[in-house]
Structures are given as structure tokens and as C-alpha cells.
Amino acid sequence: MSRILIFTGKGGVGKTSVAAAHARHSSLEGKKTLIVSTDMAHNLSDIFGVSLGKTICRVEENLFALEIDPNHMMENEFGDMKDALIQMIKSSGAPISNVDHLSIFPGVDELFSLLKILEIYEAGDFERIIVDCAPTGETIALLKIPELLSWYMEKFLPVGKVALRVLAPISKAAFKIELPNKAAISDVERMFLKLEALQALFKNREVTSIRIVAIPEKMVVEETKRNYMYMNLYNFQVDGLYINRILPSDIDNPFFNEWIEIQHQYIEEYEMIFGEIPIYKIPWFDRDLNGLVGIDLIVKEVLKTRDVFGVIKDIQGETYEKVKGGYILKLNLPCVEKADVKLHESLTDIIIKIGNFKRNIPKPSTLRNHEIANAKFDEGILTITLLEK
Ligand SMILES: Nc1ncnc2c1ncn2[C@@H]1O[C@H](COP(=O)(O)OP(=O)(O)O)[C@@H](O)[C@H]1O
Ligand SMILES: [Mg+2]
């Protein structure tokens with residue numbers, strides 16, 4: 001099975017360098033590898049010393065690269081889906097006036113980059129796909145969109161259960177929404193299925209790994225914690241942290257002593273937060289990494305001696321456990337204060353709110369006649385007991 005590694009983190013911490021080093025390492029292992037950048041500020045071509053076009057380009061023997069222009073992707077490759085999405089939003093009666101341009105929804109352009117990655121994965125040409133993402137905030141928006149959309153669509157357009165076309169006249173009455181015409185429905189349906197597939201792919205722990213890149217600095221520690229927490233909230237598998245730009249401890253210059261000590265404290269904090277998750281420490285090199293020679297320093301000094309592409313089995317995501325009279329749902333929510341977690345329930349969903357983020361976990365159909373009996377939050381784990389009504 002192919003692997004997808006997604007690199008995320010705050011701007012400037014070294015995502016592109018670390019992602020490129022993985023791609024290079026992978027190709028040197030003889031695996032056919034693709035590195036994809038979804039960040040508009042592309043610099044893969046600088047690193048690999050080749051010019052990259054709008055299609056997949058060969059960089060070396062087993063190494064290929066693609067710099068995605070999300071806008072081009074949306075307008076050209078997924079034009080019909082874009083139209084379907086606009087149609088769908090309009091038909092929902094949402095009080096949004098200027099839907100004709102989807103860019104009013106942050107992160108939507110990037111969604112089409114992700115759909116491209118799905119397409120590439122499904123074509124099966126590569127053993128490993130390395131994704132160099134846009135900075136954190138955008139990535140989070142990006143990763144939660146498929147879930148939000150498919151939640152929304154499941155509510156209004158229950159494809160899969162009954163054919164959509166059959167349902168259309170009923171839905172109109174039941175939900176008081178104008179469903180799109182037949183042609184558009186099939187586009188909407190296609191889009192829905194794609195988003196489902198996208199979400200399933202990114203949550204498949206045997207395929208997709210999320211890797212967070214950070215540096216030992218206060219501002220970055222905070223953002224990294226948030227990033228990690230949201231990844232867990234949405235049940236993506238984070239199975240690697242890269243702490244970049246670590247000062248060598250043997251610098252013979254008193255100016256650095258304090259900096260080394262400060263870095264040391266933040267590194268310890270990362271180690272505490274990430275616990276069992278593999279941590280890779282990358283030194284601050286005495287040169288820029290913008291080129292193969294620089295990237296190879298990371299390969300040689302950090303990646304070569306570890307199994308960086310293996311699937312890690314024992315990191316727990318959310319789990320359901322059968323108990324007498326119902327089920328227990330457990331979610332891993334590190335870096336969260338108990339007071340910040342708000343829990344609600346509807347007939348069909350469990351709704352978890354943390355700050356500005358909300359996740360609807362649709363109750364599996366066997367649990368539709370269950371309700372939350374109690375919930376507790378302890379040491380970063382939210383435990384919800386669902387009992388039959
Ligand atoms: N460990 C390091 N030592 C020296 N320079 C580094 C290191 N990591 C990154 N850099 C340099 O820092 C800059 C930003 O790195 P980059 O990988 O482009 O970050 P991002 O993709 O997160 O914005 C680049 O010029 C890169 O060469
Ligand atoms: Mg970058």
C-alpha cells in the first residue's frame with residue numbers, strides 16, 4: 001500500500017526542507033516517490049534545482065515533484081465540482097450573498113489541491129507521496145473541510161442510503177431547501193463521494209501520517225500544541241514531530257549559552273507533550289539548506305538511521321468499546337483544558353466544541369438510539385458513555 005506523509009507546521013520552521021529531505025531519502029531507498037507542495041510560496045524548484053511546471057516533473061531517478069497552484073486546480077481540473085459546490089451552497093439557503101466566488105470560504109481553494117492528491121493516490125503510480133503543506137492555520141482549515149462538508153451533505157443529501165434523484169422531491173418538502181437540478185445533482189453527488197474518499201484516505205492510519213515540524217521557541221510551542229490538539233480532535237494520526245534548528249550544545253561562545261538553555265526547556269516541553277510519538281531532532285546547520293547538498297544533511301544526520309516511513313500501530317485514535325447497555329467512545333485530546341471542552345448531542349451526532357473549532361461525530365447507525373449518559377475528561381482523554389435510551 002502506498003504511503004502519504006503530510007508535513008505541517010508554522011511558516012518558516014522548515015517544513016519544506018524536512019519534507020524534501022524525506023522525499024530524497026525515500027527515492028534513494030529505491031521507492032518511486034512524489035513530493036507535492038500545496039503552499040503557494042513554492043520553493044521545491046530551488047531545492048531540487050529544476051524548474052517545475054503545472055504537471056508532475058521528474059527530478060531524479062525515483063523522485064518526482066509537483067507544485068500545485070490551488071487556483072488553477074480549482075478553475076481547470078475541478079471546474080465542474082467547483083460549480084457543483086457553489087450550487088449546493090446556494091441551494092442550502094445559507095445567508096451568503098456572494099457565493100459565486102468560492103474564495104470567500106477560507107481554505108476552499110486548497111481543498112482542490114487535496115482532491116488532486118487523492119486522484120494521484122488512486123492512480124497508484126507512486127509508492128510514497130510526500131506533501132509539503134501551507135502553514136498551520138490553513139492546513140487545519142483544510143483538513144477539517146472534508147468533514148464539515150460531508151457532514152453537511154449527509155444531512156441534506158443522504159446519498160448512499162437512497163438514490164439522490166428519488167429523494168429530491170421529498171427532501172425539498174422535508175428540509176425546505178431547493179435541491180439543485182438533476183445534472184447538478186450528479187456533480188454534487190460526485191463531489192460528495194470524492195470528499196468521502198478524501199476523508200477516508202487521510203484518516204486511514206495505514207496510509208496517511210501527519211508530521212508536525214516545529215522549532216524550540218515559545219511562539220512555535222504554543223502553535224504546535226494547538227495544531228496537535230486539532231489534529232487529534234479530527235482524528236488524524238500524528239506520528240512524528242520534528243524539532244528543527246537545535247543549536248549544537250558545544251558552541252564555544254557565551255552569547256549562545258542562554259539560548260541553548262532556553263531551547264533545552266522547550267525541547268523538554270515537546271517531549272512531555274508528544275510522549276510516545278517519535279521525535280526527530282534536527283540541528284541548526286551552519287548553512288542554508290536551499291539545495292540538495294543542504295537537504296542531504298538532514299537525510300544523513302537525522303533520517304537515515306530511523307524507520308521514518310513505517311506505519312506506527314500503537315498510537316490510539318478515537319475508539320468505541322462495547323460495554324453493558326451501550327458503548328464508550330474515547331478521544332485523545334492533548335493540550336486541552338477541561339473547562340474549554342463543550343459537549344452537545346443531537347439525534348444523529350455527538351458535537352464537541354473547543355474554542356472556534358467544532359467537530360460533529362455522526363453516531364454510527366447502531367448508536368442512533370443511544371444517548372450520552374456521562375462524559376469525563378481526564379489526562380487529555382475524553383471518555384463518553386453512550387447508553388441505549
Ligand atoms: N536546520 C536548519 N539549519 C539551517 N537552515 C535551515 C534549517 N531548517 C531550515 N533552514 C532554512 O530556513 C529557511 C526556511 O525553511 P523552509 O524549509 O523553507 O521552511 P517552511 O517551509 O516551514 O517555510 C530556508 O532558507 C531553509 O534553508
Ligand atoms: Mg515551505
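Two residues are in contact if their C-beta atoms, placed from the backbone, lie within 7 Å. The model is predicted: local features need pLDDT of at least 70 and side-chain atom pairs count only at pLDDT 80 or more, whereas totals for chains, interfaces and linings use all residues. Residues are numbered from 1 along each chain as its sequence is written, while chains are lettered from A and ligands numbered from 1 in the order in which they are written.

**View 1. The protein chain, with 11 helices and 15 strands.** Helices (H or I, at least four residues) and strands (E, at least two) are DSSP runs, numbered from the N terminus. Of the 389 residues in the protein chain, 36% count as buried. A residue is buried if 20 or more other C-beta atoms lie within 10 Å of its own, exposed if 12 or fewer, and partly exposed in between, with C-beta atoms placed from the backbone. Among contacts between residues at least 6 apart in sequence, 70% join residues at least 24 apart.

**View 2. The shell of 17 residues around ligand 1.** The closest residues are G14, K15, T16, S17 and L289; a residue is near the ligand if its C-beta atom, placed from the backbone, lies within 6 Å of it. Helix α1 and strand β7 (238-246) are the elements that give two or more residues to this shell, and α1 gives the most, with 3 residues. By class, the shell has 5 nonpolar, 9 polar and 3 charged residues. Here Ala, Val, Leu, Ile, Met, Phe, Trp, Tyr, Cys and Pro count as nonpolar, Asp, Glu, Lys and Arg as charged, and the others, Gly among them, as polar.

**View 3. G11, in the loop between β1 (3-8) and α1.** G11 has 13 C-beta neighbours inside 10 Å and therefore counts as partly exposed. The C-alpha atoms of G11 and C133 are 9.8 Å apart in space, although these residues are 122 apart in sequence.

**View 4. The largest nonpolar core, with 83 residues.** A nonpolar core is a set of buried Ala, Val, Leu, Ile, Met, Phe, Trp, Tyr and Cys residues joined through C-beta atoms within 7 Å. The members that touch the most other members are F7, A20, I35, V36, I129, V131 and A214. Domain 1 (3-303) and domain 2 (319-388) each supply at least three residues to this core; the domain bounds come from an automatic or database domain assignment. Not counting residues up to four places away in sequence, I129 touches S2, I4, L34, V36, I117, I120 and Y121.

**View 5. Helix α11 (residues 292-303) and its two sides.** The buried residues of α11 are I295, I298 and L303. Seen down the helix axis, these residues fall within an arc of 60°, so they line one face of the helix; the arc is that of the directions from the axis to the C-beta atoms. V293 and K300 are exposed on the other side of α11. The buried residues of α11 pack against α1 (15-28), α2 (44-48) and β8 (279-283).

**View 6. N232 in helix α9 (residues 218-233).** N232 counts as buried because it has 24 C-beta neighbours inside 10 Å. Leaving aside neighbours within four places in sequence, N232 is in contact with N332, L333 and P334.

**View 7. E345 in strand β11 (residues 341-345).** With 15 C-beta neighbours inside 10 Å, E345 counts as partly exposed. Apart from neighbours within four places in sequence, E345 is in contact with I350, I351, E371 and I372. The C-alpha atoms of E345 and N360, which are 15 residues apart along the chain, are separated by 9.0 Å.

**View 8. R245 and E379, each with a positive phi although not a glycine.** R245 lies in strand β7 and has a phi of about 60°. R245 counts as partly exposed because 17 C-beta neighbours lie inside 10 Å. E379 has a phi of about 45° and lies in the loop between β14 (370-378) and β15 (381-388). With 5 C-beta neighbours inside 10 Å, E379 counts as exposed.
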